[in-house]
Amino acid sequence: MALYSEKVMDHFRNPRNVGEIPDADGIGEVGNARCGDIMKIYIKVKDGIITDVKFNTFGCGSAIASSSMATELIKGKPISQALELTNKAVAEALDGLPAYKMHCSVLAEEAIRAAIKDYYDKNGIEYDKSQFPEPDEDKEIHED
Amino acid sequence: MSRTAIDAMLPYLDKIYGNPSSLHSVGQRAKEALEAARADVAACLGAKPNEIYFTSCGSESDNQAIRSAAHVGAQKGKKHIISTTFEHHAVLHTLERLKREEGFEVTLLDVHSNGVVTADEVKAAIRPDTCLVTIMYANNEIGTVQPIREIGAVCREAKVTFHTDAVQAVGHIPVNVADDNIDMLSLSAHKFHGPKGTGVLYCRNGVRLIPFIDGGAQERNKRAGTENIAEIVAMAAALKESCAHMEENAAKLVKMRDRIIAALTQIPHSKLNGDMAHHLPGTINMCFEGIEGEGLLLLLDDKGICASSGSACTSGSLDPSHVLLAIGLPHEVAHGSLRLSLSEYNTEEDADRIIAAVPEVVEYLRNMSPVWKEMERGELKHIL
């Protein structure tokens, strides 16, 4: 069996929404280069809707595919819905990830949350802080 | 596998399917083939046939050599072993277990930024209780060749057993156990176009070897288990062929290797790893800043290029290659490594393909890398 599903390979070979948004309303960056994964997600928001989203990722095939899939899943969606996106949903949309690559989907979820938090902070929007726990960089989450 | 190795092995899967331990004629023909293979392997290494033990792989040979020397040492109260930080895991993990479970002390010598340890450093590390020095002939990831003859001489003088994992060297560069002062040596068949799952442990006459698989009397009571005749015969044929053509193969590979290196080092913020003055003919290891190795491998695979990397993602662990960290590369650089292993079956067209594909793929991945973009904007300093 191949390492990755066809869907992972498709999103890795043809990643959607690659790039930067110079006038982004929110930017989220998670991971660190030492561990070999950094995801940076840019969002544009209008009337509570994520109208555009782009990403840049330094990481393995599944990190790039997770970024691509996560941006697809939140594009055009209300912020409230984007906040509900879980790493599991990203992985499932990719037809699964190998167990030791699940942290890539976790990074994608965290990067989106970080971008939304940045948008809230920049615009002085009140929010429930418990919705945005600090990503713990020392702890790698591996879910089966 | 080489055609020579396949042709050599086929009769032993079919017509001569005997067990060398059997007295009947088919068994005895297998026995003759086994001993002929032993003599061939011995001749290629400058050893005597009765110093050659067939094993299932290089890792098994490493394990047996190290554990055997350790146990012999422990019986004399000597429980100190010297090795290097960038050995193969078959060596490092064995040493780790001896340390953890049997109280051995292990000194791992630094291999410096060039990936070469010196005989003087080995000499300085030898203590009265040192029972074994185990240092690889050539590194499997970065291809640097160690001064084995000098290290062997130092060990011989200090009366310390010297083992070398020569898996990457045998069949590619001249290896002679007598000239190189080697007491024990491990090799693996698939590194010179032989079959996978078969290897050799050379153990010099006079150096005690303890068996780790008990059972029948095979391999002169040092390694029980019915011999894998077909693969052993194929290994010997492959080794003979590699040794016979070593010079011409090396000349061809060095030319191809250096052409690829000259082209790929043109990629900005890249680095060639390992001292090229002491190097295997066919190994190339480079790092490209701002990218992660796995993506590089997958995209090269799409272009028909099978490469490997020392990135964490390709190893399934969180840390990048211990070899690249051992030569002092920072984690973030080690994640972006590429290893190409050339063989005499590669062509100049293959080299052209590599030279065209790698810069393209590196640029593509850099264009979506936040790390690279920050470096290009001057927000993050380039390391390479």
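Which residue of chain A does the side chain of B:Arg377 meet in a salt bridge? In this predicted model, the partner is A:Glu20, with 2.9 Å from N to O. On the chain A side, the elements that supply two or more residues are helix H1 (6–13), strand E2 (37–46), strand E3 (49–58) and helix H2 (61–74). By residue type, that side of chain A splits into 13 nonpolar, six polar and seven charged.

As for extent, chain A brings 26 residues to the contact and chain B brings 24. Putting the two chains together buries about 2,100 Å², with carbon and sulfur atoms giving 62% of that area. Within chain A, the residues losing the most area to chain B are A:Phe12, A:Arg34 and A:Phe58, which together make up 28% of what that side buries.

Now for the sheet in chain A. Three strands form an open sheet in the order E1-E2-E3, paired antiparallel. E1 (26–32) and E3 sit at the edges, each pairing on one side only, and the twist from one strand to the next averages 15°. E1(A) and E2(A) are joined over seven bridges; A:Ile27, for one, has A:Tyr42 in E2(A) as its bridge partner. Two helices go with this sheet. H2(A) lies across E2 and E3 of chain A, at about 175° to E3(A), while helix H5 (residues 102–122) of chain A touches E1 and E2, its direction making about 145° with that of E1(A).

Conventions
Residues numbered from 1 in each chain as written. Chains lettered and ligands numbered in written order. Predicted model: local features only at pLDDT ≥ 70, side-chain atom pairs only at ≥ 80, totals over all residues. Heavy atoms only, no water. Contact = heavy atoms within 4.5 Å. Buried area = accessible area lost by both parts, 1.4 Å probe. Salt bridge = Lys/Arg side-chain N within 4 Å of Asp/Glu carboxyl O. Helix = DSSP H or I, 4+ residues; strand = E, 2+ residues; numbered from the N terminus. Nonpolar A, V, L, I, M, F, W, Y, C, P; charged D, E, K, R; others polar. Pairing = 2+ DSSP bridges. Axes fitted to C-alpha atoms, helices over the stretch in contact; angles between N-to-C directions.
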